[in-house]
Amino acid sequence: MSEFHLIPRVTITHSPTPLEHLPRLSKDLGCNLYIKRDDCTGLAGGGNKTRKLEYLIADAQQQGADTLVTVGGLQSNHARQTAAAAAKFGFQCELILEDVAGTPKKDYYHNGNMLLDRLLGAKIHELSQSQDASEYVDTLLTQLKNSGRKPYFIPMGGSNVLGSLGYVRCANEILQQLAKDNIHIDQIVLASGSAGTQAGLLAGLIAAKADIPVLGIAVSRSTQDQEQLVTELLKETLTELGINPDEANGRVFSNGNYYGEGYGITTPSMINAVQQCAQLEGVLLDPVYTGKAMAGLIDLCAEEVIKPDSHQLFLHTGGNQGLFGYQESF
């Protein structure tokens, strides 16, 4: 872990982000609920990708790149934050964005993150549901290289080992805040998609020898598939940190019961969770990630899978900008 601090990184995040108690929602749920506000990281409205981009941008600079290329859904928070980081550090930006079946369409193509991507100056490649994103990426990277550009490809969600290091740092930040305010936490709950946030957070906790369980509410996969994805990336991240990858065993917990029909497709429980948080705490969640994760937390409290009076920390990974692409759902 001593060499972790030597890995190149740029500074973007407004850190430490707040860690707050949610008293009114806690009363409703019957547990003591805290929230880690990573919707407040800065960078065009904030979100969890800001921390990942600190390492990815530094790597792009070291490789002499002039263009950032990434991929996601049309309302991708990661794409918006990548576009913002490109603007901040003087890169050109090419976003390959896929249409997502089953999402509300009235505002989906022009509002929310799509509006911001254009405002930030990114070049958007809109793919239909039938087009293959990975093929398109390969073709675009070749075209850019042939035209003399130096592209740097960032995977979906910034979720590789380098990106995950942002959440190794966040784990340390959380532990420092808990110690400073003398708060005991029984579990951390978060939305889990491309796996980098959960894997990085777990790697940071393992490195600090902290045994707080982390529950990832899956937004696009079954419990088994999500646990496998997180475990693989966690083991790679631990290896990068010089820690035995077997430390990952028994640490990865996912729940795939709350994403509904698929990624980005609304569920009644998500809509209820977004409204409940807004109306009880003035906290905005998003329709794709945090809304579904909070819906899971609410249900697990109701079923007493999450024990009454336990202390839960919800990691808010951002994405509120996506609400404006989902106006008709609310």
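## Whole chain

Of the contacts in the chain with a separation of 6 or more, 80% are between residues 24 or more positions apart; contact means heavy atoms within 4.5 Å. This is a predicted model, in which local features need pLDDT of at least 70 and side-chain atom pairs count only at pLDDT 80 or more, while totals for chains, interfaces and linings use all residues. Residues are numbered from 1 along each chain as its sequence is written, and side-chain values use heavy atoms, with hydrogens and water left out.

Show the C-alpha trace: along its principal axes it spans about 60 × 50 × 35 Å. Buried residues make up 58% of the 330, where buried means under 20% relative accessible area, exposed over 50%, and partly exposed in between, with a 1.4 Å probe and protein chains only.

Switch to cartoon to see ten helices and ten strands. These are DSSP runs numbered from the N terminus, helices being H or I with at least four residues and strands E with at least two.

## Single residues

Select Ser-15 and Pro-16: the peptide bond between them is cis, with omega near 0°. Pro-16 sits in the segment before strand S1 (19-21).

Next, select Leu-43, in the loop between strand S2 (32-37) and helix H2 (49-62). Leu-43 is not a glycine, yet its phi is positive, about 60°. Its relative accessibility is 11%, so Leu-43 counts as buried.

Then go to Asn-182, in the loop between helix H6 (161-180) and strand S7 (187-192). Asn-182 also is not a glycine and has a positive phi, about 55°. Is Asn-182 buried or exposed? Asn-182 is exposed, at 71% relative accessible area.

## H6 against H7

Finally, select H6 and helix H7 (residues 196-207), which pack at about 50° with axes 7 Å apart. That angle makes H6 oblique to H7 (under 35 degrees is roughly parallel, over 145 roughly antiparallel, 65 to 115 roughly perpendicular, and the rest oblique). Axes are lines fitted to C-alpha atoms, for helices over the stretch in contact, and angles run from 0 to 180 degrees between N-to-C directions.

Show side chains for the contact: the H6 residues include Tyr-167 and Leu-175, and those of H7 include Gly-200 and Leu-205.
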